[in-house]
Structure formats: C-alpha cells, structure tokens
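This report goes through one protein chain part by part. Keep the sequence and the structure in view while reading.

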Amino acid sequence: MTLAEKVADFMNRHDHFCCRNQIKLVRVSPGFAEAELTVGDFSLNGGGVVQGGAILTLADFCFAGAANAENRQCVTQSVNLNFVRPGTPPVLYAVAKEVSRGKRTALYQVEIFNAGHELVAYATCNGVYTGKALIPEEE
C-alpha cells in the first residue's frame with residue numbers, strides 16, 4: 001500500500017462525520033483525490049435535492065485527501081463553493097486537483113459531478129500545513 005493509500009484508508013476510517021454520511025475517498029495521490037457521496041434520505045434537503053452542506057463536505061473531504069496525501073497534515077483555511085445545478089441521487093463524485101502548494105499553504109480546485117457526469121458545484125479550497133503528520137506513528 002502506498003503512503004497516499006494509507007492516508008486515504010486512515011481518513012476513511014477516522015473521519016466519523018464522513019463515515020456516517022456515506023462520504024469516502026476512492027482514489028488519492030499527491031495533489032489529487034477522488035471522493036464520492038452515496039446519496040440517501042439523510043443527504044436531502046426539504047426540496048428533495050442534496051443539501052448544500054453535504055456537497056460542501058464532499059468537496060472539503062476530497063480536498064483533504066489530496067492535500068494530505070503525503071502525510072503532511074493540512075487543515076482547511078477557506079472554501080469558496082459555487083453551485084451549478086442541484087445534486088441528485090444516487091451518487092455525487094468529487095475530483096480535487098492541486099493548483100499551488102508551498103511550504104505552509106495549498107490551493108486546490110474541486111469539481112463535483114452527478115452520476116450523469118454533469119457539473120454540480122465548483123470549489124476552491126485553501127489549506128494550511130500544520131507541520132505535523134496526519135497519521136500518528138503508532139498507526
């Protein structure tokens with residue numbers, strides 16, 4: 001298992017909010033990640049479409065997978081999310097790509113798609129590296 005795969009496995013097991021909301025990383029490499037949200041009743045707002053906060057969480061988790069892929073802990077500093085169309089069942093996919101990374105900060109673009117490969121939302125995510133490893137040594 002590569003380091004990036006270990007990071008994805010760690011995040012998928014230890015991010016309890018994402019676990020309970022059916023959000024998981026499916027592919028991670030340095031500067032890149034893919035994640036998915038399995039849409040259920042728990043994901044929908046009163047209008048019957050995916051709640052905006054669920055889409056934001058999907059984008060943020062995907063960004064985190066890419067930014068932490070080398071086991072350098074990166075925490076979100078800011079997210080700008082633009083909705084393009086309603087998110088609908090059965091699944092939403094996110095793709096995060098690195099735009100810029102320095103010693104202390106990172107900038108990523110994240111696109112969220114529906115099952116028909118239509119763009120649902122577009123985000124830019126800024127992160128700050130803490131100087132710590134994400135995965136504890138004992139893991």
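## Asn114 at the end of a strand

Asn114 is in strand S5, which covers residues 105–114. Helices (H or I, at least four residues) and strands (E, at least two) are DSSP runs, numbered from the N terminus. The model is a predicted one, in which local features need pLDDT of at least 70 and side-chain atom pairs count only at pLDDT 80 or more, while totals for chains, interfaces and linings use all residues. Residues are numbered from 1 along each chain as its sequence is written, and side-chain values use heavy atoms, with hydrogens and water left out.

With a relative accessible area of 5%, Asn114 is buried. Buried means under 20% relative accessible area, exposed means over 50%, and partly exposed lies in between (1.4 Å probe, protein chains only). The side chain of Asn114 reaches the backbone nitrogen of Gly116 at 2.9 Å. With the side chain of Glu118 it makes a polar contact at 2.8 Å. A polar contact is a pair of N or O atoms within 3.5 Å; within protein, one must be able to donate a hydrogen and the other to accept it, and residues adjacent in sequence count only if both atoms are side-chain atoms. Beyond its neighbours within four places in sequence, Asn114 is in contact (heavy atoms within 4.5 Å) with Arg85, Thr88, Val91, Leu92, Tyr93 and Val120.

## The nonpolar core

A nonpolar core is a set of buried Ala, Val, Leu, Ile, Met, Phe, Trp, Tyr and Cys residues joined through side-chain atoms within 4.5 Å. The largest one here has 41 residues, and those with the most contacts inside it are Leu25, Leu37, Ile55, Leu58, Leu92, Val110 and Ile112. Elements that give two or more residues to this core include helix H1 (3–14), helix H3 (52–67), strand S3 (72–83) and strand S6 (119–133). Which element gives the most to this core? It is H3, with ten residues.

Leaving aside residues within four places in sequence, Val110 is in contact with Ala59, Cys62, Phe63, Ala94, Val95, Ala96, Ala121, Tyr122, Ala123 and Cys125.

## Rings

The count of aromatic pairs comes to one. Rings of Phe, Tyr and Trp (its six-membered ring) pair if their centres lie within 6.5 Å; planes under 30 degrees apart count as stacked, over 60 as edge-to-face and the rest as tilted. The pair is formed by Phe63 and Tyr108 and is edge-to-face, with 5.4 Å centre to centre and 70° between the planes. Phe63 is in helix H3 and Tyr108 in strand S5, 45 residues apart, and the pair links these distant parts of the chain. Both Phe63 and Tyr108 are buried.

Another ring has a charge over it: the charged end of Arg72 sits 3.8 Å from the centre of the ring of Tyr129. A charge sits over a ring if NZ of Lys or CZ of Arg is within 6 Å of the ring centre and within 35 degrees of the ring normal.

## Salt bridges

Side chains of opposite charge can pair when their charged atoms come close. A salt bridge is a side-chain nitrogen of Lys or Arg within 4 Å of a carboxyl oxygen of Asp or Glu, and the count comes to five. In one of them, the side chains of Lys24 and Glu36 meet at 3.9 Å, N to O. Lys24 lies in strand S1 and Glu36 in strand S2, so the pair ties together parts that are twelve residues apart in sequence. Lys24 counts as partly exposed, at 41% relative accessibility, whereas Glu36 counts as buried, at 17%.

Arg27 forms a salt bridge with Glu34, with the closest N and O atoms 3.6 Å apart. Glu98 forms one with Arg101, where the closest N and O atoms are 3.0 Å apart. Salt bridges that share partners join Glu70, Glu98 and Arg101 into one network.

## Asn71 in a loop

Asn71 lies in the loop between H3 and S3. Is Asn71 buried or exposed? At 17% relative accessibility, Asn71 counts as buried. Its side chain reaches the backbone nitrogen of Leu134 at 3.1 Å. Not counting residues up to four places away in sequence, Asn71 touches Leu3, Val7, Lys132, Ala133, Leu134 and Ile135.
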